[in-house]
Amino acid sequence: MTTDAETDVFEEHRPVLLGVAYRMLGRVADAEDVVQEAWLRWSRAERSEVREPRAYLVRVTTRLAIDRLRQVKARGESYVGPWLPEPYVTDFGDRVPDTAERAVLADSVSLAVLIVLESLSPLERAVFVLREAFGYPYAEIAAMLDRGEAAVRQLAGRARRHVEERRPRYTVDPAERRDLTERFLAAAAGGDLEGLMSLLAPDVRLIGDSGGKAKAPLRVLESADHVGRFLAGVARKGIADASLRYLEINGGPALLVLTGGKPDSVFQVEVRDGRIQAVYVIRNPDKLRALTGV
């Protein structure tokens with residue numbers, strides 16, 4: 001039987017465990033399932049064998065997430081249209097007081113980075129997340145994964161090169177990103193094509209994720225003309241009984257659109273050199289359930 005003290009220990013580390021699992025899986029529901037399984041393992045663990053609870057719990061969570069990733073890849077599940085990670089509300093609160101640490105955590109959970117992480121092997125992804133997002137030493141990661149330290153360093157190097165080659169290579173002031181996000185969404189909501197075109201980079205891309213369960217482009221839209229005209233067309237049709245909420249999603253400002261009080265879609269933009277470089281639209285209802293009531 002798990003004591004109150006042991007329950008408190010688990011709850012203390014739950015945010016870290018959920019953070020590891022989400023970065024590994026890109027899906028909030030799957031991450032929560034993994035953390036729940038980690039709780040069951042913790043409740044049955046022989047206490048004399050647990051010298052450091054946090055290390056034990058992160059190791060268990062990481063291994064469970066690796067197993068879940070391997071199962072998904074083995075099933076070879078097909079997905080209708082472009083895939084985006086499930087939106088994750090990132091409010092680190094007082095748990096991450098340091099600005100630099102907050103920036104690292106926010107970047108490691110950004111939609112752009114998580115999209116790249118999907119192309120890594122489960123082991124590469126685990127090593128990258130533990131090293132780059134949470135700063136674990138190679139020796140500790142090796143112990144968690146039952147691998148030699150040299151092998152872990154090789155995995156880390158390969159994963160880092162892969163991510164750096166594909167991730168956006170620019171930084172944006174959060175205030176500037178928020179301002180551009182609000183101006184973009186105001187222009188989009190008003191069907192202001194001229195205003196949209198002034199904000200979009202010439203090679204902007206719009207990635208819409210519906211999973212075939214809602215209306216969204218089934219391919220990536222490219223160029224300011226295509227993206228601007230698509231958004232202006234959506235605005236002209238309108239959304240019945242819509243209300244809007246700004247949230248911090250995956251480390252950056254985003255707009256949650258609700259219809260009848262229920263999540264309908266999430267919009268987020270990527271900014272570079274004062275222009276919008278990418279527009280992410282998540283409409284798959286399965287990925288929006290966790291935003292109900294936020």
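The legends below describe close-up views of a predicted model.

View 1. Of the 12 residues of α6, 10 are buried, so the helix is largely enclosed by the rest of the structure. Just after α6, G135 adopts a positive phi of about 70 degrees.

**View 2. R125 within helix α6.** R125, which lies in helix α6, has a relative accessibility of 1% and therefore counts as buried, the cut-off being under 20%. Its side chain reaches the backbone oxygen of M24 at 2.9 Å. When neighbours within four places in sequence are left aside, R125 is in contact with R23, M24, L25 and G26, with L69, and with L114, L117, E118 and L120.

**View 3. H162 within helix α8.** H162 lies in helix α8, which comprises residues 149-166, and H162 is buried, because its relative accessible area of 18% falls under the 20% cut-off. A polar contact of 3.1 Å joins the side chain of H162 to that of R166. Apart from neighbours within four places in sequence, H162 is in contact with V116, S119 and L120. For the pair H162 and S119, the separation is 43 residues in sequence and 8.9 Å in space, taken from C-alpha to C-alpha.

View 4. Six strands form an open sheet with mixed pairing, in the order β2-β1-β6-β5-β4-β3. Strands β2 (221-222) and β3 (242-249) stand at the edges, where each has a single partner strand, so one side of each is left without a neighbour in the sheet. Strands β4 (residues 252-259) and β5 (residues 262-272) run antiparallel and are joined by 5 bridges; T259 stands opposite K262 in β5.

**View 5. Helices α9 and α11 across the strands.** Helix α9 (residues 174-189) lies across β1 (200-209), β3, β4, β5 and β6 (275-282), and runs at about 125 degrees to β5. Helix α11 (residues 224-237) lies across β1, β2, β5 and β6, and runs at about 55 degrees to β1.

Technical notes
Residues are numbered from 1 along each chain as its sequence is written. This is a predicted model: local features need pLDDT of at least 70, side-chain atom pairs count only at pLDDT 80 or more; totals for chains, interfaces and linings use all residues. Side-chain values use heavy atoms; hydrogens and water are left out. Buried means under 20% relative accessible area, exposed over 50%, partly exposed in between (1.4 Å probe, protein chains only). Helices (H or I, at least four residues) and strands (E, at least two) are DSSP runs, numbered from the N terminus. Contact means heavy atoms within 4.5 Å. A polar contact is a pair of N or O atoms within 3.5 Å; within protein, one must be able to donate a hydrogen and the other to accept it, and residues adjacent in sequence count only if both atoms are side-chain atoms. Two strands pair if DSSP finds at least two bridges between them. Axes are lines fitted to C-alpha atoms, for helices over the stretch in contact, and angles run from 0 to 180 degrees between N-to-C directions.
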